[in-house]
Amino acid sequence: MTGFHQRVFSGVQPTGNLTLGNYLGAIKRFVAMQAEMDCIYCVVDLHAITLPQDPADLIASTRAVTAAFLASGIDPKAHIVFNQSRVPQHAELGWVFNCIARLGWLNRMTQFKDKAGKNAEAASVGLYAYPNLMAADMMVYRATHVPVGEDQKQHIELTRDIAQKFNNDYSTRIAALGLGHEMRVGDETVNAFFPLIEPVIGGPAARVMSLRDGTKKMSKSDPSDMSRINLTDDADTIAKKVRKAVSDPLPLPETVDGLKDRPEADNLVGIYAALADVTKDAVLAEFGGAQFSAFKPALADLAVQKIEPISAEMRRITADPAYVDGVLKDGGERAGAIAEETMKAVKQIVGLLG
Ligand code: AMP
Ligand code: TRP
């Protein structure tokens, strides 16, 4: 009995354009984690259909998100890139988790409440069970680390609760079959089948906000295109959106404390910091005392410098769908081999013949 293999899993939905929030909160950090552990990055098409999708658009978006992964520097040979629906074990383990998670747990999920809106009765059952499938995504690889934006924190906590309940409910059987790994829980060492995955959230862009309203998340689904920078925007569009971003009339403060109660200023400084790979303090050491009229052009230049090469590379990769599909197929096969092992063990543990 030894510890778990350290492994990263994360997913992005193929729904609409990717934003600067997706890039800074997630994809840029996926790239960084490749140096540390084996990584599996997934385009979660089964999650996308929890809301209505046009089939042709869904296929195009699946390829576009894959292209964004590759253009950002994810290495599909050293690591794994694939789309979720290719590996049926996600849905299979998702069903087992539907039987582990409690209604009370899912009823607390704020993303469901946000997405279902006022008429929750009309939401799909899939939208409700979404977090269980998400837990299965990570646990079918027994992943130990998940880089995500702040908005996914509650789903990761639920994943840990599901893993822990499975480990507890089946502890005798896991031990008898010799399928467990050693895991530290507080001061104790336990025999577990699923790891308690660690969220990797943080840095200056864990929550990138709308350019029109510093209290709202930057989102693919915001009706105003001026609220976000898309990874596909050209240089002029990026510069215009930064120039027109809502700010406030004060100069930038000298320290991070001065950003309190200034959500727009905090957001723009955070975006600059994340793009430049420095802290907000370092940005304010340079720009403290400056007006937005001076800061915004610097931010626009930096955003163009960092995002343009990615969108150019995305266009180049998207022009070759056969290459993209090849990456997904190869990744799906390698992911499938790991998922199959896990699912075989889960069936033995739970008592499912076959
Ligand atoms: P989604 O597009 O909802 O599939 O999100 C993919 C990843 O991007 C997740 O890890 C999200 O947490 C992250 N993300 C999405 N929007 C933002 C944002 N505005 N700020 C930071 N991270 C974000
Ligand atoms: N729910 C995530 C989002 O909307 C996407 C996702 C699905 C995911 N499965 C995952 C993220 C597994 C991390 C790990 O952003």
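## Helix 10 and helix 13

Helix 10 crosses helix 13 in a right-handed sense. The contact involves A235, I238, A239, V242 and R243 on the helix 10 side, and K296, L299, A300, A303, V304, I307 and E308 on the helix 13 side. By class, the residues of this contact comprise nine nonpolar, no polar and three charged. The two axes approach within 9 Å, and their crossing angle is roughly 145 degrees. The model described here is predicted.

Helix 10 spans residues 235-243, and its buried residues are I238, A239, K241 and V242. Around the axis these residues cover an arc of only 165 degrees, which places them on the same side of helix 10. D236 and R243, on the other side of the helix, are exposed.

## Helix 4 and helix 14

Helix 4 (residues 89-98) packs with helix 14 (residues 321-350) at an angle of about 25 degrees, and their axes lie 10 Å apart. Angles under 35 degrees count as roughly parallel, and helix 4 and helix 14 are therefore roughly parallel to each other. Their crossing is left-handed.

In this contact, helix 4 contributes Q89, E92, L93 and V96, while helix 14 contributes A339, E340, M343, V346, K347 and V350. The contact of helix 4 with helix 14 contains six nonpolar, one polar and three charged residues.

## The buried face of helix 4

Within helix 4, the buried residues are Q89, H90, L93, G94, V96 and F97. Viewed down the helix axis, they fall within an arc of 160 degrees, so they line one face of helix 4.

Both strands and helices contribute to the cover over these buried residues. The strands include strand 1 (7-12), strand 2 (38-43) and strand 3 (80-83). The helices include helix 7 (125-139), helix 8 (153-169) and helix 14. Among the buried residues of helix 4, Q89, L93 and V96 also take part in the contact with helix 14.

## T62 in helix 3

T62 is located in helix 3, which comprises residues 55-72. Its relative accessible area is 8%. Buried means under 20% relative accessible area, and T62 is therefore buried.

Leaving aside residues up to four places away in sequence, T62 touches P14, V43, D45, N83 and L328.

Technical notes
Residues numbered from 1 in each chain as written. Chains lettered and ligands numbered in written order. Predicted model: local features only at pLDDT ≥ 70, side-chain atom pairs only at ≥ 80, totals over all residues. Heavy atoms only, no water. Axes fitted to C-alpha atoms, helices over the stretch in contact; angles between N-to-C directions. Helix = DSSP H or I, 4+ residues; strand = E, 2+ residues; numbered from the N terminus. Parallel < 35°, antiparallel > 145°, perpendicular 65-115°, else oblique. Left-handed = near helix turned anticlockwise from the far one by under 90°. Contact = heavy atoms within 4.5 Å. Nonpolar A, V, L, I, M, F, W, Y, C, P; charged D, E, K, R; others polar. Buried < 20%, exposed > 50% of the residue type's maximum accessible area, 1.4 Å probe, protein only. Arc of directions from axis to C-beta.
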